[in-house]
Each structure stands twice: as C-alpha cells, then as structure tokens.
Amino acid sequence: MTVPAGGSPVGGWSQPEQDDGPLVFVASLEEPRIDDPDLHHLSTVLRVRDGSPIVLADGAGAWRRATFAERPGDLGPLLLEPVPRVEIGVMCAVIKGDRPEMVTRQLTELGVDHIGWFHAVHGVVRWGSERSSRQRGRLERIAREAAMQCRRARLPGIVMPAEVPAWWNGTTVRWRAVKGAPPLLTRWDDVDRGRGWGAVRVGVAVGPEGGWAPAEVGAESGGGFLRVGLGGRMLRSETAAVGAGSLLAALRDAAARADPPGSVAGGRPHESRDGDAAC
C-alpha cells in the first residue's frame, strides 16, 4: 500500500469491524486473489456467498473492503489499521507440546505485537535450528489464522530463541514476571517515563514452570529488567504468558483512551463502532 506524502492512507486510518465481513490475507491489495485454502475456508466452512462483504488485508496493517470471489470485486479505498505508539511483546520460555500454538493464538487475538520464545536455564525443551525453523512456520500459520478470526490487519512478529537477545536490545521497558513482585498493573508508569524517548516498546519475560535460575534473576540490573508480578500463585508458563499479554493490551488501551492524540500511548485516530463481539 502506498501512503501519500501527507502521511495518511487513501481512505484514512481505521480498523476492520465485524460488519465488514470476514478478513482474509492476500499477497497484493492492488490485484487481490484469494489463495485456495482460504477460498475453501470462506466458502465451505464460513459459508460466505459470492458478492458478500469481506475484508482484504496484507498483514502489515493495510486493508480494504471488497466483495467475495476468487478474484474479489468492488474494491474499497485503501485503509490502514492504526499504528500503536506503544508496542507490546511477550517473550515466553519454550514449553512442551502444542502449548506454544495455544499461546500464540491467544496473544495474537489480544493484540500483542511481538510473540517470542527463549531457552531458560530451567526449561526442559530446547529448539535446535532445524526445529526452530519448523516451529516458526507453524506459529506464523497459527498467528495468521488467529488474526483472520479477530479481524486484525497487522500480523504479530514471531521471535525465535536465537533472535530474542536482539529483540530485547530494541526494547525500551523490560519486565520479568516474578512471583511476589509488584503487580504489573501498577507498573505502567515505567512506560510513561519513556515518553521522552519517542516510540516505546514494552516486553515481559515469562519463565519456565521450574522458575528462574539465580543467574537469570541476578542479571536483571545489568540487563535493564524490572520485576513485575502476575498474582500470588505459581502459574503455568502458558497461563502467565496469556495473562501478561492481556494485562499489557488492557493497559495500553486504557492509556491510549486517556492520553491526548499524538501522545506515546496513543496512536493514529481510528473509527469506533459499538458491537457485541468479543473481538
């Protein structure tokens, strides 16, 4: 999508809503064509009929309204989902089985911008380079499906273990979830203090069920991490990750509503329509 020199997309800043119809990702918004698996899902599973309203998105935040067909018609103006001034991320210790898929799905639906995985000292599972590559493909597919379900035009970034250190280097506020630490709900002032630094990226590290190793917690001061709590009980890693993502999303939304346009917590103005759906 091309944004004019004035800085606004052709149709303005907005986000897809339930009334716009189901969302599907396409390779090009200029000459859209729906891939066969998505075409099958829309027509057979969701029972979308030819000519029904749908949303086409590119995964980077650009989208437009259209009507359903293999080659969609009645293309509406190009729009752009608002860009948050505060990006939020959850980095979780690698966990067993299909739980990374569940965490990725739920964090995507919550609106988390970056979802990552790292090898903790007390973690049981290790992803080698080949397995990480397979996991990336699987988790990106899960994130794509979840984004379509909740009508999210911008896909989250999936951060694999080898990439996590570099991701933290670009993060303004770094929190580590530790049982008994000050509640995350009380720590949004850490973000407010970053206003003078421009755009802010906030991250929460969630450890393994075996807990953080002394070396990991002891390195907090040098790594710029602050401790935050997610309640007084021992949580499974996936529970803590989704809980942290939910709190971050809610805190960011509350700050954006309270702050004037152009503030760090806010974002580009967007349309708001009442609805009963969960997303």
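One loop to start with: the stretch between helix 3 (129-149) and strand 7 (157-159), which holds Arg 151. I'll come back to that residue at the end. Keep in mind that this is a predicted model.

Now the salt bridges. The whole structure has 11 of them. Take Glu 209 and Arg 99, whose closest N and O atoms are 2.8 Å apart. Glu 209 sits in the loop between strand 9 (200-206) and helix 6 (214-218), while Arg 99 belongs to helix 2 (residues 99-110), and 110 residues separate the two. Arg 99 is buried at 18% relative accessibility, whereas Glu 209 is partly exposed at 38%. Both also belong to a salt-bridge network with Glu 238.

Next, Asp 113 and Arg 252, with closest N and O atoms 2.7 Å apart. Asp 113 is in the loop between helix 2 and strand 6 (114-118) and Arg 252 is in helix 8 (residues 237-258), so this bridge ties together parts 139 residues apart in sequence. Is Asp 113 buried or exposed? Asp 113 is buried, at 13% relative accessibility, and Arg 252 is buried too, at 12%.

Last, the backbone. Arg 151 has a positive phi, near 60°, and is not a glycine. Its relative accessibility is 24%, so Arg 151 counts as partly exposed. Asp 74, also not a glycine, has a positive phi of about 50°. Asp 74 lies in the loop between strand 3 (62-67) and strand 4 (79-80), and is exposed, with a relative accessible area of 62%.

Terms used
Residues numbered from 1 in each chain as written. Predicted model: local features only at pLDDT ≥ 70, side-chain atom pairs only at ≥ 80, totals over all residues. Heavy atoms only, no water. Helix = DSSP H or I, 4+ residues; strand = E, 2+ residues; numbered from the N terminus. Buried < 20%, exposed > 50% of the residue type's maximum accessible area, 1.4 Å probe, protein only. Salt bridge = Lys/Arg side-chain N within 4 Å of Asp/Glu carboxyl O.
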